[in-house]
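Here's a quick briefing to read with the model open beside you.

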Amino acid sequence: MKDFIKKYEIWIFLILAPISSAVIVLASIKGLIPGPLYTHGRFYALLLLLVLIVKFTKGNAGLKTIFKPMLKWKVHPKWYLFSLSFAVLVGLLTLFLKSIYNSTEFSLFDIDFHFQSLRVSIVILMWAFVGEVVWVSYSVRELSKKMTPFFASQVVGLFWTLWWAPLVILNVSVINDLPIWALLINMLGAAGMCAVVYGKTKSGICVWILQYMLNMSLLTIPVSPKLGGIPTYIGFSVLYFVIMLIFMYFMNPAKAFTTPEEA
């Protein structure tokens with residue numbers, strides 16, 4: 001059994017991830033899990049699932065490998081700047097294109113920014129940490145041993161979407177009637193950009209910042225379904241995905257993504 005799980009470890013995790021999400025969502029609907037525990041627990045349950053699987057198959061050495069990218073902080077400052085600004089710039093570009101489409105004037109001073117409290121910002125930061133470790137430091141990196149980083153990121157983006165799908169389908173803690181396909185495009189773009197940044201930096205910290213700023217941008221800039229409407233969110237998701245494809249093409253991380261000691 002252990003040999004089987006070890007052989008198909010990544011696929012077992014990717015399949016169990018959305019299943020665990022569905023179980024937690026259903027338990028919340030039935031009142032078996034209190035609200036605050038559900039809100040935070042579904043993220044940490046995902047990390048716990050990964051830790052248990054890797055601990056079983058590879059022991060402590062495997063766990064160290066998962067978290068190792070979070071120790072890589074000596075990278076060129078441009079990557080920190082890029083990670084901090086990328087999602088914000090895509091959000092502003094989305095609003096600019098929206099203004100052209102609607103034939104309205106665009107001005108940064110007219111944007112209704114929704115700045116978050118320190119508590120919310122810290123919570124989002126921790127959620128982004130879980131996402132970086134689970135979906136990039138582990139999943140994308142493991143799949144990149146079997147396929148190119150681009151295809152690895154898109155497979156992960158698909159399962160990332162499936163992890164969110166129970167919330168969307170059952171309308172739990174998300175915007176009602178959010179199109180699954182728009183969420184898919186968003187996650188494919190997010191996973192792809194994470195792969196690009198990780199491939200060029202080997203730094204989980206840069207990816208952590210990148211994903212944190214994506215989440216914060218959706219909460220701050222009116223491009224989310226709640227703040228900007230579903231059409232705006234679709235536009236943002238498609239634009240993020242298309243720009244990811246451009247970066248993936250010109251900054252192909254295939255050769256740099258896996259070092260010999262990580263293989």
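Buried means under 20% relative accessible area, exposed means over 50%, and partly exposed is in between (1.4 Å probe, protein chains only). With a relative accessible area of 35%, Leu 162 is therefore partly exposed. Keep in mind that this is a predicted model, where local features need pLDDT of at least 70, side-chain atom pairs count only at pLDDT 80 or more, and totals for chains, interfaces and linings use all residues. Residues are numbered from 1 along each chain as its sequence is written, and side-chain values use heavy atoms, with hydrogens and water left out.

**Partly exposed leucine and valine**
- Leu 162 sits in helix H6; helices here are DSSP runs (H or I, at least four residues), numbered from the N terminus.
- Leu 162 and Leu 183 are 21 residues apart in sequence, and their C-alpha atoms are 9.7 Å apart in space.
- Val 120 belongs to helix H5 and counts as partly exposed, at 24% relative accessibility.
- From Val 120 to Met 216 there are 96 residues in sequence, but 9.5 Å in space, C-alpha to C-alpha.

**The nonpolar cores**
- A nonpolar core is a set of buried Ala, Val, Leu, Ile, Met, Phe, Trp, Tyr and Cys residues joined through side-chain atoms within 4.5 Å.
- The largest one has 77 residues, and Phe 13, Phe 86, Val 134, Trp 135 and Tyr 240 touch the most other members.
- Among the elements that give two or more residues to this core are helix H2 (9-29), helix H3 (35-67), helix H5 (118-143) and helix H10 (230-250).
- Leaving aside residues up to four places away in sequence, Val 134 touches Phe 13, Leu 46, Leu 47, Leu 50 and Ser 139, where contact means heavy atoms within 4.5 Å.

**How H7 packs**
- Two packed helices are described by the angle between their axes and the distance between the axes.
- Axes are lines fitted to C-alpha atoms, for helices over the stretch in contact, with angles from 0 to 180 degrees between N-to-C directions.
- The H6 and H7 axes come within 7 Å and cross at roughly 140 degrees, so these two helices are oblique to each other.
- Angles under 35 degrees count as roughly parallel, over 145 as roughly antiparallel, 65 to 115 as roughly perpendicular, and the rest as oblique.
- On the H6 side the contact includes Trp 160 and Trp 164, and on the H7 side it includes Met 187 and Ala 191.
- By class, the H6 contact with H7 has 15 nonpolar, 5 polar and no charged residues. Ala, Val, Leu, Ile, Met, Phe, Trp, Tyr, Cys and Pro count as nonpolar, Asp, Glu, Lys and Arg as charged, and the others, Gly among them, as polar.
- H7 and H10 have axes that come within 8 Å and cross at roughly 30 degrees, which makes H7 roughly parallel to H10.
- Among the residues in contact there are Trp 181 and Met 193 of H7 and Tyr 240 and Phe 247 of H10.
- This H7 contact with H10 divides into 17 nonpolar, 4 polar and no charged residues.

- Most residues other than glycine have a negative phi.
- Ser 103, in the loop between H4 and H5, has a positive phi of about 55 degrees although it is not a glycine.
- Lys 202, in the loop between H7 and H8, has a positive phi of about 60 degrees, and it is not a glycine either.
- Buried or exposed: which is Ser 103? At 67% relative accessibility, Ser 103 counts as exposed, whereas Lys 202 at 17% counts as buried.
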